[in-house]
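Trainee: Hi, could you go through this structure with me?
Mentor: Happy to, let's have a look.

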Amino acid sequence: ELRVQIVEGCQEFADDPSGFREKHTEMNQEFSDQILGAMSRLKDVTIDPDLRLKISQVCSELNIDGLRGDIVTNRAARAYAALDGRTEVTEEDIRKVISLTLRHRLRKDVLDTMDTGDKVLKVFDQVFD
């Protein structure tokens with residue numbers, strides 16, 4: 001259904017770019033305001049040291065190379081909290097972003113049948129439980 005909506009939206013824009021923009025101006029302005037608010041709030045968003053440690057533990061248990069996974073997950077969780085209007089990262093914020101930030105960093109195993117996003121969340125649940 002979402003794919004169809006996207007295709008229809010693309011066609012609607014192609015047929016009438018000005019009308020399309022006008023139709024979505026209010027929604028785009030609300031989203032723009034939300035992003036600008038998050039950007040100004042981001043510097044004040046904090047993560048409890050225990051949560052940072054658990055993020056690194058997940059990365060370690062998944063054998064993520066280097067520290068990019070740790071860094072990006074921390075940044076994404078802060079951005080998510082800021083976008084949600086908060087200045088404190090929660091465990092749920094981390095849960096929302098962690099598979100997006102880590103699954104492409106996993107080593108590929110041709111015999112592995114588990115979706116890598118599921119694998120990340122499984123380790124997350126073990127560490128954060």
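**A walk through the helices**

Mentor: Let's begin with L83, which touches Q34, I35 and A38, not counting residues up to four places away in sequence. Bear in mind that this is a predicted model.

Trainee: Thanks. Where does L83 sit?
Mentor: L83 is in helix α4.

Trainee: And is L83 buried, partly exposed or exposed?
Mentor: L83 counts as partly exposed, because its relative accessibility is 33%.

Trainee: Switching topic: at what angle do α5 and α6 pack?
Mentor: Helix α5, residues 91–102, and helix α6, residues 116–128, pack at about 145 degrees. Their axes are 9 Å apart, and α5 passes α6 in a right-handed crossing.

Trainee: Which residues make that contact?
Mentor: From α5 you have E91, I94, R95, I98, S99 and L102. The α6 side is made by G117, V120, L121, F124, D125 and F128.

Trainee: How do those divide into nonpolar, polar and charged?
Mentor: Seven are nonpolar, two are polar and three are charged.

Trainee: What does S99 touch, leaving aside its neighbours within four places in sequence?
Mentor: On that basis S99, a residue of helix α5, is in contact with G117, V120 and L121.

Trainee: Now the inside. How many residues are in the largest nonpolar core?
Mentor: That core has 23 residues, and the ones that touch the most other members are V58, L62, V89, I94, I98, L102 and F128. Elements giving two or more residues to this core are α3 (49–61), α4 (68–83), α5 and α6.

Trainee: Which of them gives the most?
Mentor: That is α6, with five residues. As general background, nonpolar side chains tend to be buried together in soluble globular proteins.

Trainee: Can we zoom in on L102? What does L102 touch, not counting residues up to four places away in sequence?
Mentor: L102 touches V58, C59, L62, I64, G69, T73 and V120.

Trainee: I64 and G69, noted. What about R105, where is that?
Mentor: R105 is in the loop between α5 and α6. Setting aside neighbours within four places in sequence, R105 is in contact with I64, R68, G69 and V72. The C-alpha atoms of R105 and G69 are separated by 7.3 Å, although the two are 36 residues apart along the chain.

Trainee: Is R105 buried, partly exposed or exposed?
Mentor: R105 is partly exposed, with a relative accessible area of 27%.

Trainee: On to charges. How many salt bridges are there?
Mentor: The count comes to six. One of them joins K23 and E12, with their closest N and O atoms 3.1 Å apart. K23 lies in helix α2 (residues 17–41) and E12 in helix α1 (residues 2–15), so the pair ties together parts that are eleven residues apart in sequence.

Trainee: How exposed is K23, and how exposed is E12?
Mentor: K23 is exposed, at 54% relative accessible area, whereas E12 is partly exposed, at 30%.

Trainee: Which residue does R86 pair with?
Mentor: R86 and D84 meet through their side chains in a salt bridge, at 2.9 Å from N to O. Salt bridges with shared partners join D84, R86 and D93 into one network. R86 counts as partly exposed, at 24% relative accessibility.

Trainee: And K43, what does K43 meet?
Mentor: The side chain of K43 meets that of D44 in a salt bridge, 3.7 Å from N to O. K43 counts as exposed, at 65% relative accessibility, while D44 is partly exposed, at 45%.

Trainee: Last one: what is phi at N63?
Mentor: Phi of N63 is near 55 degrees, a positive value in a residue other than glycine. Most residues other than glycine have a negative phi. N63 is in the loop between α3 and α4, and counts as partly exposed, at 47% relative accessibility.

Note on methods: Residues are numbered from 1 along each chain as its sequence is written. This is a predicted model: local features need pLDDT of at least 70, side-chain atom pairs count only at pLDDT 80 or more; totals for chains, interfaces and linings use all residues. Side-chain values use heavy atoms; hydrogens and water are left out. Axes are lines fitted to C-alpha atoms, for helices over the stretch in contact, and angles run from 0 to 180 degrees between N-to-C directions. Helices (H or I, at least four residues) and strands (E, at least two) are DSSP runs, numbered from the N terminus. A crossing is left-handed if the near helix is turned anticlockwise from the far one by less than a right angle, and right-handed if clockwise. Contact means heavy atoms within 4.5 Å. Ala, Val, Leu, Ile, Met, Phe, Trp, Tyr, Cys and Pro count as nonpolar, Asp, Glu, Lys and Arg as charged, and the others, Gly among them, as polar. A nonpolar core is a set of buried Ala, Val, Leu, Ile, Met, Phe, Trp, Tyr and Cys residues joined through side-chain atoms within 4.5 Å. Buried means under 20% relative accessible area, exposed over 50%, partly exposed in between (1.4 Å probe, protein chains only). A salt bridge is a side-chain nitrogen of Lys or Arg within 4 Å of a carboxyl oxygen of Asp or Glu.
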